[in-house]
Each structure stands twice: as structure tokens, then as C-alpha cells.
Amino acid sequence: MNSKRITVAIDGPAGAGKSTLARRIADKLGFLYIDTGAMYRAIALWALRANVALSDMHRLEQLAREASFEFENGKRTVLLNGEDVTEAIRSPEVSDAASKVAQIPAVRRALVEKQREIGSAASAVIEGRDIGTVVFPDASVKIFLDAQPDERADRRAKEMEQPREVTSRQIAERDSRDRNRTDSPLVQAPDAVYLDTTGMPIEEVEEAVLKMIRERTSNGKERTH
């Protein structure tokens, strides 16, 4: 067994398929799956429950620093302070709030620290919007996952079970916020491989990424726990 820790960073816009791909890759290789977007969603959920205004940057930073997160190998489970919030963080209300929470630099700094701490403990597949540029700039493998806006809207509408026109508007707003925020905007890392998944079945995307990981880490089959 190779004891080298491997970090796979997957970035990209909303609806590109990051979560599905990251979970499949992590499961196939026995790596930890870390959904950084879920962490922002969890802080948003906590803020909504506690009636914290999304404009209260100081209190939101406090929540981010006080929060405890747990991820489990081979599972999409997200634990916030010991509570399973996997389903609760997927509501449209939380999604919208999370996008606003993620714009706050102090919140991002707090969660980046936690992401690095979790990701440095074991081989992991980490997905988000600034993993290869900010969180793990020295990641073993970096992928920027993308797809045409129409296809991303279709995927997200199906996932969220809401009208496509609503999803399309939300995706456009999210893209604008993510790409234009001053702190850690969504950009492709210079050394990331760009992968457009428009029209590609997930199995094909998975195989392409697994091949890339194997090529860059000698065999990509290390199970380092």
C-alpha cells in the first residue's frame, strides 16, 4: 500500500455535476468525500434557524468558527455539530442563503481552515468553487468541471424538483455571484484540467477522471486511511 496522501480537487459552477462525480470517485478509490458547498449550506441553515441576519457578517463568522463538521467515507452524509443535516441543507431557501453567506470573506477564511484540516487527514476528493485555487493549491489532481448553462439548469431543476425557469434564473444569479465576488471567485486554476460534461454520461466522465488520477498518482488505487 502506498502511504502517500492524495488530494483530488474538483471545481466548477452550479449544476456541473461536481457532487455526483466527486462521490463516485471517492467511493471507487476509498477516499474521503468532502463537499465544501455543503459546509456553506450548513452555516446558512444554522443562521436561518437561529434568525441570524445574512447581513450580520460578525455573527455569521462566529457560526462558521464554532461549527463542527463530519464527513464519512463512501457516504454523502453531512454532520453539523453532530446533527445529520444532509437533506435539510438542500432546500431552495438554504441554497439561496448559502450563496450569500459564501460571499463573506471572514466566513470563507474560517471554513477554508476547517476544509484544510479535514482534507489533510486522509486521501480525499474535495469539491467546491475554490479548491484548486485557494483551499488546496497543491492538490495532486485538479479538475474544472463545466457544462453548458442550459444543461446545468436542467440537471439542477431535476435535482431540486422545481420549475426549470426558476432554476435557470437561480443558476445565472449564482454564476454571477460566484465569478464576481472579490474573495476567492470561481476561476479555473492554471494547472487544472478543463472538462466540459455537456452531453456526457456520468460513467464516461468518471472514467476520464479516474484515468487522470491514475496517470498523475502512479496507480490511483491507494487506500490511505
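This text goes through a strand with its two partners and then a helix with its packing. The model is predicted: local features need pLDDT of at least 70, side-chain atom pairs count only at pLDDT 80 or more, and totals for chains, interfaces and linings use all residues. Residues are numbered from 1 along each chain as its sequence is written, and side-chain values use heavy atoms, with hydrogens and water left out.

Start with strand E6, residues 124-128. Helices (H or I, at least four residues) and strands (E, at least two) are DSSP runs, numbered from the N terminus. E6 is mostly covered, with 5 of its 5 residues buried. Buried means under 20% relative accessible area, with exposed over 50% and partly exposed in between (1.4 Å probe, protein chains only). On one side of E6 are Ala124, Ile126 and Gly128, on the other Val125 and Glu127, and both faces are covered.

E6 has strand partners, where two strands pair if DSSP finds at least two bridges between them. Strand E1 (residues 7-11) pairs with E6 in the parallel sense over 5 bridges, and Asp11 stands opposite Gly128. Strand E2 (residues 32-35) also pairs with E6 in the parallel sense, over 4 bridges. Here Tyr33 stands opposite Val125, and Ile34 has Ile126 as its bridge partner. Within E2, Leu32 and Ile34 point one way, Tyr33 and Asp35 point the other way, and all are buried.

Now turn to helix H9, residues 202-216, which holds Val205. Val205 counts as buried because its relative accessibility is 2%. Leaving aside neighbours within four places in sequence, Val205 is in contact (heavy atoms within 4.5 Å) with Leu21, Leu145, Leu195, Thr197 and Met200.

How do helices H1 and H9 pack? Two packed helices are described by the angle between their axes and the distance between the axes. Axes are lines fitted to C-alpha atoms, for helices over the stretch in contact, and angles run from 0 to 180 degrees between N-to-C directions. H1 (residues 18-29) packs against H9 at an angle of about 55°, with the axes 10 Å apart. H1 is therefore oblique to H9; angles under 35 degrees count as roughly parallel, over 145 as roughly antiparallel, 65 to 115 as roughly perpendicular and the rest as oblique. The residues making this contact include Leu21 and Ile25 of H1 and Val205 and Val209 of H9. By class, the contact has 8 nonpolar, 1 polar and 4 charged residues, where Ala, Val, Leu, Ile, Met, Phe, Trp, Tyr, Cys and Pro count as nonpolar, Asp, Glu, Lys and Arg as charged, and the others, Gly among them, as polar.
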